[in-house]
Structure formats: C-alpha cells, structure tokens
Amino acid sequence: MPIQPAQHFIDGEYTEGALGKRFETINPTTGEVITTVAEGFAEDIERAVEAAYRAFHEGPWQTMTTKERAAVMNRIADGLVAHGDELAYLETIDTGLPISQARGQAARAAENFRFFARKAEEMTGETYPVDGAFLNYTLRRPVGVAGLITPWNTPLMLATWKIAPCLATGNTAVLKPAEWSPLTATKLAQILHEAGVPKGVFNVVHGFGETAGAALVRHPLVNLISFTGETTTGEEIMRNGASTLKRFSMELGGKSPILVFADADLDRALDAAVFGLFSLNGERCTASSRLFVERSIQAEFEERLAARVANIRVGNPLDPETEVGPLIHRQHFERVQDYIRLGTEEGATCAVGGPSPANQVGNIVRPTLFTKVDNQMRIAQEEIFGPVLVTIPFDTEEEAIRLANDIRYGLAAYVWTNDLTRAHRVSAQIQSGMVWINSQNVRDLRTPFGGSKYSGIGREGGHYSFEFYTELKTIHVALGHHPIPKFGMNPPTEGGNNHGR
Ligand code: NAD
C-alpha cells in the first residue's frame, strides 16, 4: 500500500512546513524509505500554537457542554475502530511493532477516548460550607493550550492517552510526535477532524526534538507540557520551560524489577517475565527488565526462562504469528547491540541471543538473556529499551527489596509470591509508582499511572489526568454580613494623611 507523504495538521488543514523541508521515515524491517514527512520548525509551531490559542479563546470547544464534547470524543473512538486495521498497519511498518500487538494498541487508543469522555462527565468539585457564613466550592476549568510531546514506542496509544483527557476537559492541543514514528499521528488528525473536532483544537507538527519540540516547550502561549520520553530529555524540557513557568507532566524512563520468590506460581511468573520484557519488542517503559529470582529456584527458573526466550518467534512484524519484530531505527538497534556486547564485557553470561549478524538487513535484535549479572553492571542499571533481560539472584526478602531499589528509576515493579503478607510488605517498600502483584502489566484506566525517582513527575490516568489538564479554581461566596474591616474611616489628620504612623 503506497503511503502518502506526511504533512503537519494546523488549524483544521493538512499543510506543508513553513521552510518546505522534509525528512524520511524508514521501515525498520527493510531499511527502505516509507515516505517523507514535513519537517517543522519554530515557524510551524508558532502557527499551530496561535491556532490552538484562538480555538481555545474564541472557538466553541471550551464553551460546549461536556456532553457535546463527549459525543465528539465517542465519534473519535468510533473512527479509531473503523480505521483500526489501517492504523495498526501504519504503526507496524513505521515502528516494527508486531501487527497483533499493534492491533491491540489501536483498540486501546479508541478506549482512551471512550474512557475520558465518560470520565469528564463525572467530573465534580468540592464544597466547603463555613458555618452558614460562607459557601466555598471548587470548579475545574481547562488550562489552555497544551503541548503534547510523545515518544516512538506505541506512539498511537501514547498520543491518545494524552489527547483524550486534554480535549475532554476543553483544552486545545499541539502534538509533536516522535520523528521516528510520524505516520499514525498524521492519520489521527484526519480521524479527529472527521469526528467533528473544531479547527485549531487539535494540531500536529512533525519534526525533531531540538527544533520543533523545543520551540513548543519555549512558547509563551503554551500553558502545559505533557511529555513522555527519556529521562534526560525530560530534564532538558523542564529547563527550557522554566522561564515561561510551564506546568509539566513527565512520564520518563524505567528499568523495572520483577521479583520471583520460591513460593510463587512459577509457571505464571515465567509467562509474565517473558511477556513483560519481550512484548512491544522490549521497547516498553514498564518492561520488567531486571529479574530478581530467589536463589533456591534460580537454576531451574533460569533454565526454563532460557528455553522460552530461545523459542520466541522473531521476524516480520506484519506476520500475525510474530512475537518480536525489528527495533524502531538503525540508531536504536546499534545502541542495543552495544549493550549486548557490553554485557559480555562486563562479565555477565549471555545465556540466549547475543549480537545480531553483521550487515543484517532490518533491525531485528535476537531476544537476549543475561545471567550471572551483578546489580551494579551497566546492563542492570541502564535502560536498554530492547529485548534484553538480565537475571540476578537473591537470598532474602530484605536483599530482594534492597537490590530492586538500588537504581535511579522507579516506574513499575512486579512481585511474584503466594505469601499474602509478603506480597503487600514488599510492594509497600519498593520505590516505584506502580506495583503489580502476581500479575503482568494489566492497566485499569481509572488508576494513577506514573513513576517516582528519575521515572517521572506527576500521575496521569483516571481523575489524576484531570488534575493535570484542569485548573482548580476556588469560589468563595459570602452568605451573610461577615465583618469587613473599615480601612480609611479614621478622621483625616494634619497634613492630610497618616503615612508613617
Ligand atoms: P526521547 O526523549 O528521545 O523523545 C521523546 C520525544 O521528545 C520525541 O518526540 C522527541 O522529538 C522529543 N524531544 C527530544 N528532545 C526534545 C527537546 N529538547 N525539547 C522538546 N522535545 C524533545 O524518547 P524516545 O526515545 O522517543 O522514547 C523512549 C523513551 O521514552 C524511553 O526512555 C522510555 O522509557 C520512555 N517512555 C516512558 C513512558 C512512561 O510512561 N514513563 C512511556 C513510554 C516511553
């Protein structure tokens, strides 16, 4: 299927960039150019932000009833379902995500809109009656123009995770998608437009982080930035947004532990360990990339793990049977290759996988398992963001917690044990924004999502998204005649005033 060149979407129309430049998006399976993409710069961001600002202040979006907005949001969800196959196909050829998983992500994108449409209708405030003298209450109002900056892993789903609560609460938005995965964001603009989103409410500007992204962050008319990406990029964005006092939500990197105790259901723990790291090609922020296993079961568990990892179906991501596809980009592929070589240099044992053959076409990385890993090794501490799992043994519960916490990140954690009290004890002590007990990464959209430490700031999901995308306003209403001090009622003094007394 030929893919049209991708354009920006500004003020309700697809458009070329102001400077007329384009960049290529590459198929990670073949290394061939899929199409070209309009490259945005500060001039394009300016146009998009102005359109979003006008739409916020003058357009009907903010003044519509919540029900009317929810109806549009539900039509967007319908559009996402109707175009689900095309979206999954675009995501797969653009990112290498296996098609069966891309279909799941497209369905989840639709659910994001339905969920936040419902949730916005349930939005309430608080009242503070003050002894019959006052009635104070809170209102949630939209903040204004949101800058949404997204990464290349599951780009469609992650964009909708931001767009849905942002629009449901009456804000307008400029999306800057990742430069390695522009296709589904381009299609999304059409779906939103056809669902009845008024012009200027949703805009897309393609381009690179240092140019288009940075211009969005620095723009004085942008009130809030929701960012998902690498920790170091998040730091840079906060520096750049400081002088215009942006509100930030930061969903950043991770290196999440999975703790397997000897008393766990080891069959299910094994399934979860393999899926938790190797799904989404290992390019998953909440990937369970550090496996801590109790020493008494280590040998047996690692042996079974190795057999499963060696058996993962790797290949063409358009094949519905494929479990792991190619990594997004040659540059990222090389980075992951470097980590695989580093693991061996650091003294770990490469039990399965290893470096890909030289001159291989496409960005397939062999699913790789390192054993005999020390927690201080770089492969145990740094986010690899690919299909590379490390295992580390522990002897006691205390040691497991200490090792799991001995890292800069704190996004997710997974605990496998059938000891009820230990499960809760350990979960409470692990430093992470989220913990799953005896579970793979199953999300309930009502729950807060986000990380601690270097994995992020703030939470999105459920009503927590509204805390970010709305301004909380307090209204104070006097119900009677409370005392008001009468300044300026004293008789005038000599010289006409009493300054200095
Ligand atoms: P990245 O930080 O390189 O890029 C993310 C986005 O930021 C891109 O759109 C990029 O163009 C833009 N950007 C880069 N520099 C910028 C700047 N100076 N100003 C403004 N924008 C800028 O991340 P990536 O490589 O695309 O994504 C992978 C990372 O995302 C991993 O670290 C992963 O853990 C993280 N991630 C986190 C979550 C989460 O919810 N915590 C979810 C998914 C991915």
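1. In this predicted model, the buried residues of helix α6 are L183, T184, A185, T186, K187, L188, A189, I191 and L192. Nine of the twelve residues of α6 are thus buried, which means that the helix is largely enclosed by the rest of the structure.

2. The length of α6, which covers residues 183-194, can be checked against its residue count: at 1.5 Å a residue, its twelve residues should span 16 Å, and the end C-alpha atoms lie 17 Å apart, which agrees. The helix is followed by G196, a residue whose phi is positive, near 105°.

3. Turning to the open spaces, the largest pocket holds about 1,000 Å³. Its lining is made up of 40 residues, and those that lie nearest the centre of the pocket are W152, E179, G229, E230 and T233.

4. Several elements take part in the lining of the largest pocket, with at least two residues supplied by each of the strands β3 (22-26) and β10 (224-228) and the helices α7 (209-218), α8 (231-241) and α11 (330-345). Of the contributors to this lining, α7 gives the most, namely five residues.

5. Sorted by class, the residues that line the largest pocket comprise 17 nonpolar, 13 polar and ten charged ones. Both domain 1 (8-252 + 455-476) and domain 2 (257-437) are represented in the lining of the largest pocket, each with at least three residues.

6. The second largest pocket contains about 470 Å³ of space. It is lined by 22 residues, of which Q105, R108, M157, R284 and N441 are the closest to its centre. Two or more residues of this lining come from each of the helices α4 (99-121) and α5 (155-168), and the largest share, five residues, is that of α4.

7. In the lining of the second largest pocket, the classes are divided into eight nonpolar, ten polar and four charged residues. Here, too, domain 1 (8-252 + 455-476) and domain 2 (257-437) each provide at least three residues of the lining.

8. For a reader who wishes to inspect the model, the two pockets may be approached through their main contributing helices, with α7 giving the most to the lining of the largest pocket and α4 providing the largest share of the lining of the second largest pocket.

Definitions and conventions. Residues numbered from 1 in each chain as written. Predicted model: local features only at pLDDT ≥ 70, side-chain atom pairs only at ≥ 80, totals over all residues. Heavy atoms only, no water. Helix = DSSP H or I, 4+ residues; strand = E, 2+ residues; numbered from the N terminus. Expected span 1.5 Å × (residues − 1). Buried < 20%, exposed > 50% of the residue type's maximum accessible area, 1.4 Å probe, protein only. 1 Å grid on protein atoms, 1.4 Å probe; cavity = no way out; pocket = protein on both sides within 12 Å on 5 of 7 lines; lining within 4 Å. Points joined across faces, edges and corners; volume = space filled by probe spheres on them. Nonpolar A, V, L, I, M, F, W, Y, C, P; charged D, E, K, R; others polar. Domains from an automatic or database assignment.
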